[in-house]
4 protein chains.
Amino acid sequence: MSVTDKHPQDLQLFLDKLGTRLQKTPQKGSVADYIPELARVDPDQFALSICFNDGRQFSTGNSTTKFSIQSISKVFTLAIALGRLGDKLWQRVRKEPSGNPFNSIIQLETEQGIPRNPFINAGAIVTTDSILSGSTPKEALAEILMFVRAAASDDDIYINEAVAKSENQTGHRNYSLAHFMKSMGNIENDCDCTLGTYFHQCAIEMSCEQLARAGRFLSGGTDKHHMIDKQRVRSINSLMMTCGHYDGSGEFAYRVGIPGKSGVGGGILAIVPNQASIAVWSPGLDSCGNSLLGTQALEDLSTHYNWSVFGSPA
Amino acid sequence: MSVTDKHPQDLQLFLDKLGTRLQKTPQKGSVADYIPELARVDPDQFALSICFNDGRQFSTGNSTTKFSIQSISKVFTLAIALGRLGDKLWQRVRKEPSGNPFNSIIQLETEQGIPRNPFINAGAIVTTDSILSGSTPKEALAEILMFVRAAASDDDIYINEAVAKSENQTGHRNYSLAHFMKSMGNIENDCDCTLGTYFHQCAIEMSCEQLARAGRFLSGGTDKHHMIDKQRVRSINSLMMTCGHYDGSGEFAYRVGIPGKSGVGGGILAIVPNQASIAVWSPGLDSCGNSLLGTQALEDLSTHYNWSVFGSPA
Amino acid sequence: MSVTDKHPQDLQLFLDKLGTRLQKTPQKGSVADYIPELARVDPDQFALSICFNDGRQFSTGNSTTKFSIQSISKVFTLAIALGRLGDKLWQRVRKEPSGNPFNSIIQLETEQGIPRNPFINAGAIVTTDSILSGSTPKEALAEILMFVRAAASDDDIYINEAVAKSENQTGHRNYSLAHFMKSMGNIENDCDCTLGTYFHQCAIEMSCEQLARAGRFLSGGTDKHHMIDKQRVRSINSLMMTCGHYDGSGEFAYRVGIPGKSGVGGGILAIVPNQASIAVWSPGLDSCGNSLLGTQALEDLSTHYNWSVFGSPA
Amino acid sequence: MSVTDKHPQDLQLFLDKLGTRLQKTPQKGSVADYIPELARVDPDQFALSICFNDGRQFSTGNSTTKFSIQSISKVFTLAIALGRLGDKLWQRVRKEPSGNPFNSIIQLETEQGIPRNPFINAGAIVTTDSILSGSTPKEALAEILMFVRAAASDDDIYINEAVAKSENQTGHRNYSLAHFMKSMGNIENDCDCTLGTYFHQCAIEMSCEQLARAGRFLSGGTDKHHMIDKQRVRSINSLMMTCGHYDGSGEFAYRVGIPGKSGVGGGILAIVPNQASIAVWSPGLDSCGNSLLGTQALEDLSTHYNWSVFGSPA
């Protein structure tokens, strides 16, 4: 951060060059095609925004274009669930990387319906189900949206109903996961209610500028301390590090070295602990379902500014 | 570290109290029983040593008692293999958490004989095999021992032949892993040679004081920069974070928040990036094969001094 | 059969003794408890009926008491589906034993949503789905019921709506299987329609006397040749042999030596090829979900009369 | 059989036509390539021999050419093991189809080192290990060879040492299976001894004429009753039906309808209970490792003569 304190123009220049360079990359990955609404997104878009804890924000590319945050929403629902249930949540979902694709059902059968972590689909469905108990889906969604808006200090954040509906109609794999866990006693509400809420939370749309601001409750942003118990910041960041990129989490930690959570909409929220929150977006995905250029951008940025939590090569 | 700069006596006092308190814990876990030589170790031992990058070292408990470092040796062989092969190593072993026990063979079958990471047994056997190519087992072991001694700046480090022999006689699971990978073309040397080398590297004995010093090449110890390419420090630390505790890696990251690698001898090497190297030892293991009290000690220490890489709750 | 030709009274005596002896067995297995309506059945019931191809029928125990045929219905829907689709059915379901419990979902994920055989739940749901295409659930159920009644030459066979409803409410595991296959493109109809039909077919109630008669289209009963293509008799019997008792199919073939299909209601339909159809019922199940006393009865009977297809010890 | 009683020349004609027709088939499958000695076999060979219980034998093709019986040897070792241990054998190996390839190791891990059946590699290794206890490998092999020669009433049957040696050098997958089971306590002897015996038993060479004669102890050949307890005939035939063709067992039962056991040398031993023993050989294999033309020949033969145990379509 000291670098940016002294030379903010350098950072802006670095970001612009980075964006320009990456947009020229021929291999941009594949846009998620299993949700029709997402499949229509122009793959040639790129945006990145960094929000430092002191409030300064730097952006490049289509940084005010809204995109579907998809699984990045799991970070917010996890924060809400931990705030409400505390460690009781861990009776229903574990904290371990899965070693399997994001929508795998195998471990649910061999591990009694307890998902491996809150960032794979099964675990996120359980997390949403835990928030839903005692509320209607509408109330739960209002709470989630309120949390995200407060985190971003921006009320101009909405759910895209068309995307939510599209996911519901094609979400048979998620229905399969939910009913499986219901059969094992790990879903409390009606599967339709839980999944309806889940599909809507995934359909929240934000721009990179909004998402970067919304991540400051995890980077230690000074005006966001009220949003979450201080100890939970570490908890969530650690889970983003070990489980935030599905079966590509080890690779992300190795290359980028900071906690992050991806979504199949092509967004990634990454946290430089104690310093900054970063949002990046490029719709093309790698084979694990993580943004291909987004990961590359974060690796270049983290390497250049020595942001890896795993040591600076001095 | 600033704390210890000002009040080193406070850290010593904290360590002594921590050791005394943990040794009174009734639940100390179970000593590894599948290697007869290890099963005989007195479970009531505890030691911890911290070595800061500036050279100051603080210890408590049986910190000069030698123990079998077992899988902690995988950190050193990974460093050697990366130094020798560079990124070519990753053609033979991946960087992802496994979601399975340390000695599982299932993923080898479903993933064509490529182990998930260098810290589960299969991956460590491949790593050792890669070092062995072009050398005799004796030469490879001499190189490993030389590396460890140089890292610790201490030549009084040896292999316990009785333990190595004991592991060889009872190591049928490791033989199974090696032959499986050989059948898939991922072991270059004779299985007996590779495993002989592997069992010997695991039988290296060190005290906590020695091990803490030996870890400084990963914490950025000033006189250890020559041992490893600077970028590799981050690589190894990231793998220790995501994969260092087998199927308890997510839990360790969540609770302790710094990279670490455990061994079934009851030792853990943990790294506070840019600051310090920590060795802890207590023979009782949890269900994942990680030292029960060792993990607790690291959690208490990391929490007290705000060493988590995932953010300080300021 | 020659034995019974000469001494029919001997067979009746043998059956009565067998029933009396088995009902005294202290270990009767556990009544299926996951469907509330089935959990209420009195576990101390036993019935057996044999119907020879020439029409003579011998019974013992509660042989006119109706019970829920459950998975035995899969034999009838398979016959209908083969009659309608022929070998095209095998593009959607295989013919191999699964090596997994009846409701396992693991192989669906590793084998692209194609179930192993038509007698595990996933495969039976696909089979029902194939019958349903082009019909309403009501029409499909009418066809299934018509087939069963024609096979049994008895119109007094009905679906128990309370059981069907009970299964629907608690059938989350089957919903999970269906949605999983739908996500892989292997369910053509709406999951709710397919499962509604499936739960109703499982809720058909028959007595042992009715079921034994209904099985004669597979034993070669002289007046049942019109019901099914002759080659299909062998096909279905072979599948009953290799896959008819879930993960206990090998054991059943080993002990009893004739094709059979069990249901969690405690019934088993067994076929002595070219000779007779046998129905047995006792609600207590073994760990694989097959009737404990029913299997024992069939083993004793088959051994006594040398009905094993695997050779007579002459 | 009545057909052949009256018109033996018809059967001979049928066999000759069958052989001629199949040898013209363009798709003959792939010769096993993982054992160098087997890979060299000319794929264009075909032989078939039928031996009726009354002693008459009919053959076609290269019926006196010797081939490597490979896994067909498992039938003979199972017979020996059952004769020696009786049902105690089933404490170490089960009777269920595996639902996995012949050399899979996955179920060994999830099922505590107990193989699914005696006809997959792991189960056959355990079976051989049980025979070996109390004997040297040389003695055990002598016993196996003596049993096979007695069954065939032919002493001109030998082990091909070059094949045995070739399998030993390339048999890492089998070493992996054996060491895995040893680590779980399910191999009593030294792995090298057990596997040495196993590789040699697989390297027995027989012609189709010899093998057909050797199978008569399972078809009820009149002069072979002394070789095995009568009840064991059924036991072994049932296992050949449910497990004799690895993960193609269901398909074989469906198409051919009689018990059979295949080997990767391209041979199949099939049993018409109470009637005849059939040996067929064609080196090309299907994707499950079973002889492609051999299976086709047995299907045509069984269909033509109505030998299916699952009912004759009258």
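**Exercise 1.** How many residues does the contact take from chain B and from chain A?

*Solution.* First, the ground rules. This is a predicted model, where local features need pLDDT of at least 70, side-chain atom pairs count only at pLDDT 80 or more, and totals for chains, interfaces and linings use all residues. Residues are numbered from 1 along each chain as its sequence is written, and side-chain values use heavy atoms, leaving out hydrogens and water.

Step 1. Apply the contact cut-off: heavy atoms within 4.5 Å.
Step 2. Count by chain: 40 residues come from chain B and 40 residues from chain A.

**Exercise 2.** Find the salt bridges across the interface of chain B and chain A.

*Solution.* Step 1. Look for a side-chain nitrogen of Lys or Arg within 4 Å of a carboxyl oxygen of Asp or Glu.
Step 2. The rule finds four salt bridges between chain B and chain A.
Step 3. Check one pair: A:R116 bridges to B:D247, with the closest N and O atoms 2.7 Å apart.
Step 4. Turn to the helices (DSSP runs of H or I, at least four residues, numbered from the N terminus). On the side of chain B that touches chain A, α13 (230-243) and α14 (249-255) of chain B each supply at least two residues. The most come from α13(B), with eleven residues.

**Exercise 3.** Which residues of α6(A) and α9(A) meet?

*Solution.* Step 1. Locate the helices: α6 covers residues 121-132 of chain A, and α9 covers residues 172-183 of chain A.
Step 2. List the contacts. A:N121, A:A122, A:I125 and A:V126 in α6(A) meet A:N174, A:L177, A:A178 and A:M181 in α9(A).

Methods: Chains are lettered from A and ligands numbered from 1 in the order in which they are written. Axes are lines fitted to C-alpha atoms, for helices over the stretch in contact, and angles run from 0 to 180 degrees between N-to-C directions.
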